[in-house]
Amino acid sequence: MSAPKLRAAVIGCGFFAQNHLHAWSMIPEVEIVAVCDRDTEKAEAAKAQFGVARAYTDAAAMFAAEQLDFVDIATTMQTHRDLVGQAAAKGVHVIVQKPLAPNWAECIAIVETCKAAGVRLMVHENFRFQTPVMAARKLVADGRIGTPHFAHVSFRSGYDVFSGQPYLATEKRFILIDLGIHILDICRTIMGEAETLYCTTQSVNPAIVGEDVASMIIRHEDGATSIVDCSYASRRLPDPFPQTLLRIEGDLGTVELMEGYCMRVTAQGKVDVYSVEPETPPWTTKPWHVLQESVLNLQRHWIDAWARDMPPETSGADNLRTYGLVMAAYESAERGAVVAPATLYPPG
Ligand SMILES: NC(=O)c1ccc[n+]([C@@H]2O[C@H](COP(=O)([O-])OP(=O)(O)OC[C@H]3O[C@@H](n4cnc5c(N)ncnc54)[C@H](O)[C@@H]3O)[C@@H](O)[C@H]2O)c1
């Protein structure tokens, strides 16, 4: 007899949650038994489209009525602390979208609340689960290029993200906390933790409040160097959105993830070039497919870690280190100084 399905709910049925809902429908171990959005229309639309039994507009009412194994929170960061707290109080395990919270103190509070309640906490940090990024990580981890000493991790686009996510245009802090958080996460996943970081930010688009370009240089604990840059003010056709490009140099070779999902590996005097373009599950649309597929990869990881009783890779504790880099980058840019992220934001 197969194991009973895990009973889960999705809170927040907005723009990005559609990917969560589609991806859950492809995971046989999980049944989404409830959806919740304070906007009735969105909750009801998700219920109808995904054949979910019940829709709620109030998370407290949902937690009171439902027996849940875990909840998947896809609301914006201002609501995360309250919603995670409600789940933890009921002993319900949690996946929560990035950014974990609007500030460091709330991030710490979320992680400690889940720890005290003994519930699993995974941050929906999906970029490291993109198929091309996983391929590059594996090449480096397998030693194909020896010991890495330099990385360039880059995301530069002119894509109008504000059409799908209008709230991003009015945030005082924009690109580092919304997108840079992913790019920095990829960097530390491949290159290890940062010892020092220097960042500059620019505001190019006058129609938005926050910064839309950030450039960073990182010295890692083992002496390696990374350059990490992100931009939503880059005018170039074709626009590579939403691809993250990588160049990682080691003492034995180089891994390059180039535009068009082209992987070039130089090692032992030979060059291999091949495609690492992700599959396109039925609901996905190009150019979004690399992000959409990573949601499915992340959810599969959650189920796999659950089955093995292991912490997920992007646990709350892990994500504090990435979030700390973002906060340190803002501080560096404001002070015009090199900073030590782990000293400013000790992850505990
Ligand atoms: N990982 C990624 O690749 C990725 C991509 C896009 C967005 N995101 C993240 O996803 C989150 C959501 O972003 P979005 O663009 O989908 O936002 P959105 O505004 O489109 O959707 C959020 C939804 O949550 C609902 N909501 C807010 N507070 C609620 C509450 N207390 N109870 C119930 N429902 C509530 C809103 O009504 C809205 O429908 C953000 O944190 C964003 O950073 C991640």
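Modeller: This is a predicted model. Starting with α5, a side-chain oxygen of Asn103 comes to within 3.3 Å of the backbone nitrogen of Ala105 at the start of the helix.

Colleague: And what follows α5 at the other end?

Modeller: Gly118 follows α5, and its phi is positive, near 70°.

Colleague: Which residues of α5 are buried?

Modeller: Trp104, Glu106, Cys107, Ala109, Ile110, Val111 and Cys114 are buried.

Colleague: What covers them?

Modeller: The cover over the buried residues of α5 includes α4 (80–89), β6 (121–124) and α9 (316–335).

Colleague: Switching to Ser315. Where is that?

Modeller: Ser315 sits in the loop between α8 (289–307) and α9.

Colleague: Buried or exposed?

Modeller: Ser315 has a relative accessible area of 15%. The cut-off for buried is under 20%, so Ser315 counts as buried.

Colleague: What is Ser315 in contact with, leaving aside neighbours within four places in sequence?

Modeller: Leu121, Met122 and Val123. For Val123, the C-alpha atom is 6.0 Å from that of Ser315, although the two residues are 192 residues apart along the chain.

Colleague: What about the side chain of Ser315, which backbone nitrogen does a polar atom of it lie 3.1 Å from?

Modeller: That of Asp318.

Colleague: New topic, the sheet of eight strands. What is the order?

Modeller: The order is β8-β9-β10-β7-β11-β12-β13-β14, in an open sheet with mixed pairing. The edge strands are β8 (194–202) and β14 (270–275), each of which pairs on one side only. On average, neighbouring strands are turned by 10° against each other, with direction ignored.

Colleague: Take β8 and β9. Parallel or antiparallel?

Modeller: Antiparallel, over eight bridges, with β9 covering residues 213–220. Within that pair, Tyr198 stands opposite Ile217 in β9.

Colleague: Which strands does α7 lie across?

Modeller: Helix α7 (residues 175–191) lies across β7 (148–156), β8, β9, β10 (225–231) and β11 (245–250). Its direction is at about 155° to β10.

Colleague: And what does α9 lie across?

Modeller: α9 lies across β8 and β9, and runs at about 60° to β8.

How values were computed. Residues are numbered from 1 along each chain as its sequence is written. This is a predicted model: local features need pLDDT of at least 70, side-chain atom pairs count only at pLDDT 80 or more; totals for chains, interfaces and linings use all residues. Side-chain values use heavy atoms; hydrogens and water are left out. Buried means under 20% relative accessible area, exposed over 50%, partly exposed in between (1.4 Å probe, protein chains only). Helices (H or I, at least four residues) and strands (E, at least two) are DSSP runs, numbered from the N terminus. Contact means heavy atoms within 4.5 Å. A polar contact is a pair of N or O atoms within 3.5 Å; within protein, one must be able to donate a hydrogen and the other to accept it, and residues adjacent in sequence count only if both atoms are side-chain atoms. Two strands pair if DSSP finds at least two bridges between them. Axes are lines fitted to C-alpha atoms, for helices over the stretch in contact, and angles run from 0 to 180 degrees between N-to-C directions.
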